[in-house]
Amino acid sequence: MKTKRWITYTIYGILITVIFLYVRFPSDNAANYIKSIVVAGNPNVVLSFESASFCLLPGIKLGNVEIGFRDRPNLVFRTDTLKIRPALASLLSGKLSLLLNASIYGGNMQTDVAFANRFSTEGPVRINTGFSGINLGKCSCLKTVTGRRTAGILSGSLSYDGRLDRIAGGTGNARLALVDGSVQLLRDIFSFGELDFDKMEADLTLKNRTLKITSLEMTGKQLNGSFSGNIFLNKNIMRSRLAIKGNVKIHAMNRDISTALNGTIANPILRFM
């Protein structure tokens, strides 16, 4: 009987605490704390959001989030909602790990961020992310970075191990799938001003400041293609050098063509062999 009463009081206490936090949640303090963590990690980043509220498990829910950069004021990432909560198992072992769930450009992204230093957001991190249903056509920042229109529904997974202020120096891998996609070409190729495809799948790895394309397969009504190679990363991503080779089948021409893509991301040079 005493045990049942103790369990009842415990559950009651937890419920009262949760309700109290929900009603009296200090959103202003939470907002300032989150912003201070972000700025401490990277002073170039600007974080803003319209609301901050308590959510269960426990955590913080941010509404209408914008992430920008002081040196690129026209480059802004947006999410409708972002939920942040600590991983309780990691906290009990003395380490900080955050679980993030974002509604972004019509899709969803779930991320686990584990910090190497005890109870500190500085230093190396390990990130694992899964995402689905992201509409790239709604992501205006992608056009800002690449200088061309890109559309399609993106899904996949990504892992990274390293420092956020020196991303190119870390290690990681990604598996991506883009369906019903299109990419604007900066110059016509085979009379195509825009490349449309039904599906594109890619396996990528990051090591020694090099993004290795293990495989990239593309299928569509215009062409089918298979590619592999390297992107040698530069601090300015658009100046990263390309060394990619592949084979393309142009359906209208009924021809198989070997290709090489060199130059930089900003100014790619396509050759046919």
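Q: Contact means heavy atoms within 4.5 Å; with which residues is Ile-134 in contact, leaving aside its neighbours within four places in sequence?
A: In this predicted model, Ile-134 is in contact with Ile-104, Tyr-105, Gly-107, Met-109, Gly-152, Ile-153 and Leu-154, once neighbours within four places in sequence are left aside.

Q: Which residues touch the most other members of the largest nonpolar core, and which elements supply at least two residues each?
A: The largest nonpolar core has 36 residues, and Ile-134 and Leu-223 touch the most other members. At least two residues of this core come from each of E6, strand E7 (125–135), strand E8 (150–162), E9, E10, E11, strand E12 (223–232) and strand E13 (241–250). E10 provides the largest share, seven residues. There is also a second, separate core of nine residues, including Phe-49, Ile-60, Leu-62 and Ile-84. In soluble globular proteins, nonpolar side chains tend to be buried together.

Q: How confident is the predictor in the protein chain, and where is confidence lowest and highest?
A: The mean pLDDT of the protein chain is 81, and 79% of the residues score at least 70. Helix H1 (residues 2–24) has the lowest confidence, with a mean of 43, whereas E11 has the highest, at 96. Over residues 1–25 the pLDDT stays under 50, and the model has ten contacts beyond four places in sequence for them. Where pLDDT is low, the predicted coordinates should not be read in detail.

Q: Why is Asp-112 called partly exposed?
A: The relative accessible area of Asp-112 is 29%. Partly exposed covers what lies between the buried limit, under 20%, and the exposed limit, over 50%, so Asp-112 is partly exposed.

Q: Where is Asp-112 found, and what surrounds it?
A: Asp-112 belongs to strand E6 (residues 107–115). Apart from neighbours within four places in sequence, Asp-112 is in contact with Ser-97, Leu-98, Leu-99, Arg-126, Ile-127 and Asn-128. Asp-112 and Leu-98 are separated by 14 residues in sequence, and their C-alpha atoms are 5.8 Å apart in space.

Q: What makes the pair of Asp-112 and Ser-97 a polar contact?
A: The side chains of Asp-112 and Ser-97 are joined at 2.9 Å. The cut-off for a pair of N or O atoms is 3.5 Å, with one atom able to donate a hydrogen and the other to accept it; the pair therefore counts as a polar contact.

Q: How do you know that the rings of Phe-69 and Phe-77 form a pair, and which kind of pair is it?
A: One aromatic pair is found in a search of the whole structure. The ring centres of Phe-69 and Phe-77 are 6.2 Å apart, with the planes at 80 degrees. The distance limit is 6.5 Å, and planes over 60 degrees apart count as edge-to-face, so this pair is edge-to-face.

Q: Are Phe-69 and Phe-77 buried, partly exposed or exposed?
A: Phe-69 has a relative accessible area of 22% and Phe-77 one of 34%.

Q: What makes Thr-210 buried?
A: Thr-210 has a relative accessible area of 17%. Because the buried category takes values under 20%, Thr-210 is buried. Thr-210 lies in strand E11, and beyond four places in sequence it is in contact with Thr-205, Asn-230, Ile-231 and Phe-232.

Q: How do you know that E10 and E11 pair, and in which direction do they run?
A: Nine bridges join E10 to E11. The requirement is at least two bridges, so E10 and E11 pair, and they run antiparallel. Lys-207 stands opposite Thr-210 in E11. The hairpin of E10 and E11 has two residues between the strands, and Asn-208 there takes a positive phi near 55 degrees.

Q: What is the phi of Arg-209, and how accessible is the residue?
A: Arg-209 is a residue other than glycine with a positive phi near 60 degrees. Arg-209 lies in the loop between strand E10 (192–207) and strand E11 (210–219). Its relative accessible area is 41%, so Arg-209 is partly exposed.

Q: Why does Asp-180 count as exposed?
A: Asp-180 has 60% relative accessibility. The exposed category begins over 50%, so Asp-180 counts as exposed. Asp-180 is placed in strand E9 (residues 171–189), and its phi is positive, about 50 degrees, although it is not a glycine.

Q: How many bridges join E12 to E11 and to E13?
A: Seven bridges join E11 to E12, which run antiparallel, and a hairpin joins them through three residues. Ile-213 stands opposite Gly-229 in E12. Ten bridges join E12 to E13, also antiparallel, with Phe-232 opposite Arg-241 in E13.

Note on methods:
Residues numbered from 1 in each chain as written. Heavy atoms only, no water. Helix = DSSP H or I, 4+ residues; strand = E, 2+ residues; numbered from the N terminus. Buried < 20%, exposed > 50% of the residue type's maximum accessible area, 1.4 Å probe, protein only. Contact = heavy atoms within 4.5 Å. pLDDT = per-residue confidence, 0-100. Phe/Tyr/Trp six-rings, centres within 6.5 Å; stacked < 30°, edge-to-face > 60°. Core = buried A, V, L, I, M, F, W, Y, C linked by side-chain atoms within 4.5 Å.
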